[in-house]
Amino acid sequence: MAILRLTDGTVYHDRADIDRELAPLNIQLQQWPVGNDPQLLSILNQPQLSAEDQNIVLRHLDHYFEQLKPSGYQSRDIIDIHPALPGIDEMLAKFDRCHTHADDEVRYVVAGAGIFGFVRPDKSQIELTVQAAEQINVPAGTEHWFCLTPDRRYTALRYFINNDGWNPEYTATSILFRETIS
Ligand SMILES: [Fe+2]
């Protein structure tokens, strides 16, 4: 289940608290069960997924893509991040700074976890850890960043209205969670 952190150290686990904190951002966090298929569950338990396994996961979960299509979603893919992934640091560095996108960023986490940070309209910042079987929609124009939890394991399906729409447009905002007192 998702975990939400405030910059003052407050941590929320309850869904009502998390929804309240996300409300100013108009972000929707949803539970999307992966189901009980033994093959799918076995694949998702692996430390990393082969290209063939990734395609199997996509096919198993395409009923969610079908639900999104009427809203304009035209494509989907899968990203499988694990500690041994070549170029992992360079890839992560692209999104570990405050940025926006011209399109919504829709992610369905199916293994591991990812941390989505947000700048709220009042300039306060929050970090939301999204876990397996949770789907998040970050609206276009929302100032945010993304990083991994310490185990660096994150497998997610990504849904696109327009593939060009999610190139990062960087902002100058610094991430308050990273500021340390020396
Ligand atoms: Fe992003």
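The following exercises, each with a worked solution, concern the predicted model shown above.

Residues are numbered from 1 along each chain as its sequence is written, and side-chain values rest on heavy atoms, with hydrogens and water left out. As the model is predicted, local features need pLDDT of at least 70 and side-chain atom pairs count only at pLDDT 80 or more, while totals for chains, interfaces and linings use all residues.

**Exercise 1. The iron site**

Identify the protein donors of the iron ion and classify the site.

Solution. 
- Step 1. Donors are N, O and S atoms within 2.8 Å of the metal (3.2 Å for Na, K and Ca); water is not among the atoms, so sites may look incomplete.
- Step 2. The protein donors of the iron ion are His99 (NE2), His101 (NE2), Glu105 (OE) and His144 (NE2), at 2.1 to 2.2 Å from the ion.
- Step 3. Along the chain, these donors follow the spacing H-x1-H-x3-E-x38-H.
- Step 4. Four donors count as tetrahedral if all angles lie between 85 and 135 degrees; four count as square planar and six as octahedral if opposite donors are over 155 degrees apart and all others between 65 and 115; anything else is irregular.
- Step 5. The angles among the four donor atoms are 80 to 169°, and the site is irregular.

**Exercise 2. The pairing of strand β6**

Determine which strands pair with β6 and in which sense they run.

Solution. 
- Step 1. Helices (H or I, at least four residues) and strands (E, at least two) are DSSP runs, numbered from the N terminus. Two strands pair if DSSP finds at least two bridges between them.
- Step 2. β6 (105–119) is joined to β8 (residues 134–138) by five bridges, and the two run antiparallel. In this pair, Gln135 is the bridge partner of Tyr108.
- Step 3. Six bridges join β6 to β10 in an antiparallel arrangement. Here Tyr108 stands opposite Leu157.
- Step 4. β6 and β7 (residues 125–131) are antiparallel, with seven bridges, and Val119 has Gln125 as its bridge partner. The two strands form a hairpin with five residues between them, and Lys123 in the turn has a positive phi of about 75°.
- Step 5. β6 and β9 (residues 144–148) pair in the antiparallel sense over five bridges; Gly117 stands opposite Trp145.
- Step 6. Buried means under 20% relative accessible area, exposed over 50%, and partly exposed in between (1.4 Å probe, protein chains only). By this rule, 14 of the 15 residues of β6 are buried.

**Exercise 3. The packing of helix α3**

List the buried residues of helix α3 and the elements against which they pack.

Solution. 
- Step 1. In α3 (residues 51–60), the residues Asp53, Gln54, Ile56, Val57 and Leu58 are buried.
- Step 2. The buried residues of α3 pack against α2 (38–44), α4 (62–68), β4 (75–81), β6 (105–119) and β10 (154–160).

**Exercise 4. Positive phi angles**

Locate Asn26 and Ala133 and give their phi angles.

Solution. 
- Step 1. Most residues other than glycine have a negative phi.
- Step 2. Asn26 is not a glycine, yet has a positive phi of about 55°. Asn26 lies in the loop between α1 (15–22) and β3.
- Step 3. Ala133, also not a glycine, has a positive phi of about 75°. Ala133 is in the loop between β7 and β8.

Conventions
Contact = heavy atoms within 4.5 Å.
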